[in-house]
There are 2 protein chains.
Amino acid sequence: MSNIAAAIITIGDELLIGQVIDTNSAWIARHLNEQGIDVLRRVAVGDSRDAIVNALNEELAQASLVIITGGLGPTADDITKPLLNEYFGGKMVMDKRVLAHVKNIFSRRNRPFLERNMKQAEVPDVCTTLFNEMGTAPGMWFEKDDKVIVSLPGVPFEMAHIMEREVLPRLEKRFFSDAILHRSIITAGEGESFVAEKLQDMEAALPAHIKLAYLPGAGMVKLRLTGRAADAQMLDKELQAWQMEFAGRLESIVVSLEDIPMEHILGKWLTKNHKTIGLAESCTGGNISHHLTQINGASNYFNGSIVCYQEEIKVKLLGVKLETINNFGVVSEEVVTEMAKGALMALESDYAFAITGWLSAVEGEQVPVGTIWMAVCDKDKIRTKVFHFIYNREMNKVMATSMGMLMIWKFINGKL
Amino acid sequence: MSNIAAAIITIGDELLIGQVIDTNSAWIARHLNEQGIDVLRRVAVGDSRDAIVNALNEELAQASLVIITGGLGPTADDITKPLLNEYFGGKMVMDKRVLAHVKNIFSRRNRPFLERNMKQAEVPDVCTTLFNEMGTAPGMWFEKDDKVIVSLPGVPFEMAHIMEREVLPRLEKRFFSDAILHRSIITAGEGESFVAEKLQDMEAALPAHIKLAYLPGAGMVKLRLTGRAADAQMLDKELQAWQMEFAGRLESIVVSLEDIPMEHILGKWLTKNHKTIGLAESCTGGNISHHLTQINGASNYFNGSIVCYQEEIKVKLLGVKLETINNFGVVSEEVVTEMAKGALMALESDYAFAITGWLSAVEGEQVPVGTIWMAVCDKDKIRTKVFHFIYNREMNKVMATSMGMLMIWKFINGKL
């Protein structure tokens with residue numbers, strides 16, 4: 001019942017100097033995992049011959065599958081392709097399909113096709129070329145001693161495209177493995193310790209092939225049940241039964257039994273209930289609106305947001321009274337109330353949410369940094385809430401965004 | 001002249017199933033790097049005893065400093081603390097300062113203090129406790145065979161806080177090293193190959209202790225010069241001279257000589273020139289506004305954004321004519337022109353930027369997916385531009401956001 005073991009190697013000096021955040025590893029791990037392939041380790045190394053060869057040797061000693069990303073670009077610091085060619089004892093040959101594609105990309109972009117771009121179309125003759133519709137660097141599939149080594153470009157959407165089109169279907173065929181299935185429970189309003197304490201006895205009763213993980217986020221804790229078994233259908237039923245049992249115990253704090261972000265949970269609810277929402281955002285600066293519009297079909301329920309970073313705009317577009325601002329301050333229950341009511345009118349929506357606060361220090365301001373007022377309303381009622389976040393500007397914005405969406409969820413579900 | 005070599009180990013099953021993106025490694029790498037500490041490798045392993053011990057043994061064989069994050073929480077899947085205690089041959093003792101702090105956090109949050117939370121305040125007696133003001137899990141500093149091992153919680157802002165307050169100052173004292181300095185050049189509008197070709201001869205002429213890296217982003221390429229030398233002051237002058245020489249060669253495509261994101265470049269320009277900007281966002285759904293407000297002090301130049309996800313809102317708040325939408329379609333040069341002019345009026349700003357497009361497929365729509373119209377204007381003139389992005393919804397939004405900010409930059413700098 002053992003799974004295929006994989007390792008991910010990401011290549012690039014930029015990863016070791018912290019220039020870029022590695023999103024590729026998480027993407028690859030998630031997709032391998034869904035196919036029943038375990039990722040044992042993820043390793044990041046620099047653009048150095050020795051470091052790459054060492055990592056490859058080390059990971060191949062443990063894993064049956066190694067996925068490499070990065071190091072395939074046209075500039076001098078990208079050395080992976082010739083190195084892999086040598087490692088697997090091949091010689092570089094021109095791939096005509098890739099060459100035509102690369103030339104086509106350059107002409108569409110009105111860019112001169114340079115000598116060094118020719119190299120982009122060369123691949124080792126000992127690999128299977130993985131065509132890259134989204135960019136110039138092709139992926140490569142090598143096999144050696146019954147192990148598979150895949151090399152992909154580091155640009156995230158190019159990597160994802162080749163993985164989906166070329167790599168995942170080939171892996172499915174190449175490796176057999178047990179079914180691995182997940183079930184999630186999203187909870188809100190209680191901390192990780194509280195939830196864990198509440199489930200302690202049930203967790204201990206889980207059979208060996210089902211595991212529970214706690215994944216805390218801003219104001220929320222996600223529970224993830226992972227099961228492995230030969231029979232996918234039976235496993236699914238079993239997992240579902242456990243999910244229901246856990247959810248039953250947690251009842252009042254359960255937000256969703258689907259593993260989707262809060263913006264998606266809100267979108268499903270609003271779509272199903274044929275309701276619309278509008279926002280008035282001051283301190284979050286459009287971030288809640290950005291989250292809500294990440295969902296395909298958001299135009300069915302999201303009317304818009306008035307990002308009002310100036311007092312004048314709050315007055316002009318939301319009808320907040322200048323007097324209210326002067327009397328109570330721009331970060332106050334009174335102002336956020338008027339903002340929400342103004343947004344409901346201006347954006348002609350069934351629900352409106354408003355937020356105003358200080359994310360970072362403001363000179364001469366009496367209200368302490370991190371104070372955030374929120375309001376949510378429909379035509380009949382309004383609820384307000386104040387938060388005091390203690391982090392830096394960026395993190396305060398993230399927290400305000402999460403807590404804001406959670407407040408909307410509570411309001412529309414009659415829990416506020 | 002060799003630097004201190006470090007490794008970063010991140011612990012957590014959630015990293016291997018792709019549940020979370022590892023931002024900690026990049027943060028740590030960047031800060032170590034600035035202190036002249038080279039990161040050789042970054043490794044992610046699961047919540048497994050063997051995997052953690054193996055990783056620790058492997059990395060300690062190469063590195064003088066190992067930074068570990070994650071695996072310190074109160075739930076059953078967090079096993080790092082007892083493991084490190086055993087690894088370094090200590091015994092667990094209660095840290096009274098930490099205990100008082102943890103109890104205080106629970107009472108402030110009105111949460112019951114549970115048995116398992118007591119353990120949060122225990123530390124091995126062979127480490128120096130690194131106090132965690134931001135959360136319940138303290139960091140730990142171990143020394144063994146002249147090497148340093150630091151263990152930190154995995155929550156990003158807790159990790160960052162302990163690093164800044166406790167770890168970085170101690171490292172400075174503990175290790176001596178060469179100065180390592182960086183200089184950057186941000187370019188826009190040409191690809192990585194083009195830039196590399198243009199600089200080829202100059203790159204070849206760089207002295208051995210200065211390196212050039214190309215870091216491509218959406219529509220932009222960042223050049224990063226990295227130098228190492230004993231004398232920081234001399235190195236700085238030398239790097240600056242090279243930066244000027246490279247920038248001189250690239251002249252027309254240079255956006256900034258500072259390594260800051262486009263929203264920050266725009267913010268500095270607008271602050272310096274005492275100008276304001278307002279937005280009308282349809283397809284980007286508030287994301288450009290969110291970016292502009294990431295900068296502390298954005299309220300000095302950013303008036304707001306009207307996120308108009310419905311035709312009615314475009315008409316009502318921006319004065320777009322219904323006739324224009326009906327005649328030309330909502331994704332058209334005509335509509336984006338009226339949106340920009342409307343935003344300039346409604347938000348009373350010196351500049352306005354507007355955007356409308358299809359990020360993903362819309363049933364019955366004639367205009368192809370990925371078509372995005374943008375406009376930027378002041379009271380005297382307006383410029384429009386159409387883009388055709390070929391990615392998925394999420395990536396099209398990222399590209400539109402980057403290209404939109406770049407278009408604003410070009411307009412205000414008279415390059416459009």
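This report describes a predicted model with chains A and B, from the pairing of the copies down to single loop residues.

## How the two copies are related

Two copies of a chain are related by a rotation about an axis and a shift along it.

## The interface

Chain A gives 72 residues to the contact, and chain B gives 72 residues. On the side of chain A that touches chain B, the largest share comes from strand β14 of chain A, residues 302-308. That strand supplies seven residues. By class, this side of chain A has 33 nonpolar, 24 polar and 15 charged residues.

Do the copies meet through the same surface or through different ones? Of the interface residues of chain A, 99% are also interface residues in chain B, so the surface is the same.

Strand pairing also crosses between the chains. Strand β2 (residues 37-45) of chain A runs antiparallel to strand β2 (residues 37-45) of chain B, and five bridges join them. In this pairing, A:Val45 has B:Arg41 of β2(B) as its bridge partner.

## Domains of chain A

The domain assignment divides chain A into domain 1 (4-174), domain 2 (179-256) and domain 3 (262-412). The centres of domain 1 and domain 3 of chain A, taken over C-alpha atoms, are separated by 43 Å.

## A four-stranded sheet in chain B

Chain B holds an open sheet of four strands. The order is β10-β11-β9-β12, and the pairing is antiparallel. β10 (210-217) and β12 (254-256) of chain B stand at the edges. Each has a single partner strand, so one side of each is left without a neighbour in the sheet. From one strand to the next, the twist averages 30 degrees.

Strand β11 (residues 220-229) of chain B pairs with strand β9 (residues 179-188) of chain B over ten bridges, in the antiparallel sense. Across this pairing, B:Thr187 stands opposite B:Val221, and B:Ile185 stands opposite B:Leu223. Seven of the ten residues of β11(B) are buried, so the strand is largely enclosed by the rest of the structure.

## The hairpin and the covering helix

β10(B) and β11(B) run antiparallel and are joined by eight bridges. B:Leu215 has B:Lys222 in β11(B) as its bridge partner. The two strands form a hairpin with two residues between them. In the turn, B:Gly219 has a positive phi of about 75 degrees.

Helix α9 (residues 232-250) of chain B lies across β9, β10, β11 and β12 of chain B. The helix runs at about 15 degrees to β9(B).

## Two aspartates in one loop

B:Asp145 lies in the loop between β7 (139-144) and β8 (147-152) of chain B. B:Asp146 has its place in the loop between β7 and β8 of chain B too. Phi is near 50 degrees at B:Asp145, a positive value in a residue other than glycine. At B:Asp146, phi is near 65 degrees, again positive in a residue other than glycine.

Are these residues buried or exposed? B:Asp145 has 6 other C-beta atoms within 10 Å, so it is exposed. B:Asp146 has 6 C-beta neighbours inside 10 Å and therefore counts as exposed.

Notes. Residues numbered from 1 in each chain as written. Chains lettered and ligands numbered in written order. Predicted model: local features only at pLDDT ≥ 70, side-chain atom pairs only at ≥ 80, totals over all residues. Buried ≥ 20, exposed ≤ 12 C-beta atoms within 10 Å, placed from the backbone. Pairing = 2+ DSSP bridges. Axes fitted to C-alpha atoms, helices over the stretch in contact; angles between N-to-C directions. Contact = placed C-beta atoms within 7 Å. Nonpolar A, V, L, I, M, F, W, Y, C, P; charged D, E, K, R; others polar. Domains from an automatic or database assignment.
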